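This report covers a few local features of the structure shown below. It takes up contacts, a helix and a surface patch in turn.

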Amino acid sequence: LGHLLLEWGPDFGLPALAAAVIAYFCGCFNGAVIVSKYILRDDVRNHGSGNAGLTNFHRTFGGPLTAVVILCDVLKAVAALLLSAAIFRHFMFDGANILTFAKYWAGVFCLLGHMFPCMFHFKGGKGILSGGTIAIMIDWRVALVVWGGFLILTILTRYVSLGSLWAGASFPFISWYCYPDPVIVALAFACGGLVVWQHRGNIQRLLSGTENKFSLHRKHA
């Protein structure tokens with residue numbers, strides 16, 4: 001893949017830039033912030049962990065609007081990857097390798113948008129649901145390892161953060177196994193690294209024994 005990118009040179013720059021910008025702004029469409037701030041009139045980032053993600057939203061508000069947050073985070077990742085693939089196809093860059101690259105490329109920028117949304121003061125979520133959706137859209141083998149480990153660890157320990165750390169850490173390695181290409185692997189490490197970095201506070205709380213366990217019932221004030 002690397003030699004193809006060098007061969008296309010400047011011709012590859014415009015679609016790559018367009019896909020990156022679109023994926024980033026798709027990622028900025030943060031369901032937890034939009035629902036809490038504009039529907040509930042109570043920004044989720046002012047509660048709990050201060051994180052604009054699904055877990056903190058559920059712990060703080062609960063209720064059927066949690067499904068809206070889930071839908072937002074899933075659909076924006078789907079849109080980012082599909083639009084990226086469409087852009088590369090439009091510019092005549094076709095083939096399985098390029099389309100795989102397009103998905104990983106969009107995945108990085110979608111996660112950046114989710115975690116650091118420019119319209120919400122760069123304070124977003126940790127990227128687990130969107131990242132999990134990206135894994136599903138890339139390859140069923142990647143999704144199986146990422147989601148399988150996440151669910152097993154979360155169910156056994158009730159620590160969503162522990163399952164999330166598995167998802168972020170395992171993503172680049174299963175991607176390496178499925179797509180042993182330096183460019184793809186680099187993008188996979190970027191995705192996984194962003195997720196792990198966003199959970200650095202959770203790592204400290206896990207080590208100190210102060211991390212919150214997941215419950216289907218929201219906390220009452």
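## Contacts of His199

Two residues are in contact when they have heavy atoms within 4.5 Å of each other. The model is predicted. Leaving aside neighbours within four places in sequence, His199 is in contact with Lys126, Ile128, Ser161, Ser164 and Leu165.

His199 is found in the loop between helix H10 (182-198) and helix H11 (200-208). Its relative accessible area is 3%, so His199 is buried; the cut-off for buried is under 20%.

## Helix H9

Helix H9 covers residues 160-178. At 1.5 Å a residue, its 19 residues should span 27 Å, and the end C-alpha atoms are 26 Å apart, which agrees. H9 has a kink of about 35° at Ser170, shortly before the proline Pro172.

Is Cys178 buried or exposed? With a relative accessible area of 11%, Cys178 is buried.

Not counting residues up to four places away in sequence, Cys178 touches Asp139, Arg141 and Val142. Arg141 is 37 residues from Cys178 along the chain, and the C-alpha atoms of the two are separated by 7.7 Å.

## A nonpolar surface patch

Which residues form a nonpolar patch on the surface? The patch consists of Leu17, Val21, Phe25 and Met119, which together have about 370 Å² of accessible area.

Leu17 lies in helix H2 (residues 10-27). Leu17 counts as exposed because its relative accessibility is 53%, and the cut-off for exposed is over 50%.

Notes: Residues numbered from 1 in each chain as written. Predicted model: local features only at pLDDT ≥ 70, side-chain atom pairs only at ≥ 80, totals over all residues. Heavy atoms only, no water. Patch = residues over 30% accessible without salt bridge, like charges linked within 9 Å, V, L, I, M, F, W, Y side chains within 5 Å. Areas by Shrake-Rupley, 256 points an atom, 1.4 Å probe, with all protein chains shown as cover. Salt bridge = Lys/Arg side-chain N within 4 Å of Asp/Glu carboxyl O. Helix = DSSP H or I, 4+ residues; strand = E, 2+ residues; numbered from the N terminus. Buried < 20%, exposed > 50% of the residue type's maximum accessible area, 1.4 Å probe, protein only. Expected span 1.5 Å × (residues − 1). Bend = angle between axes of the 7 residues up to and from the residue.
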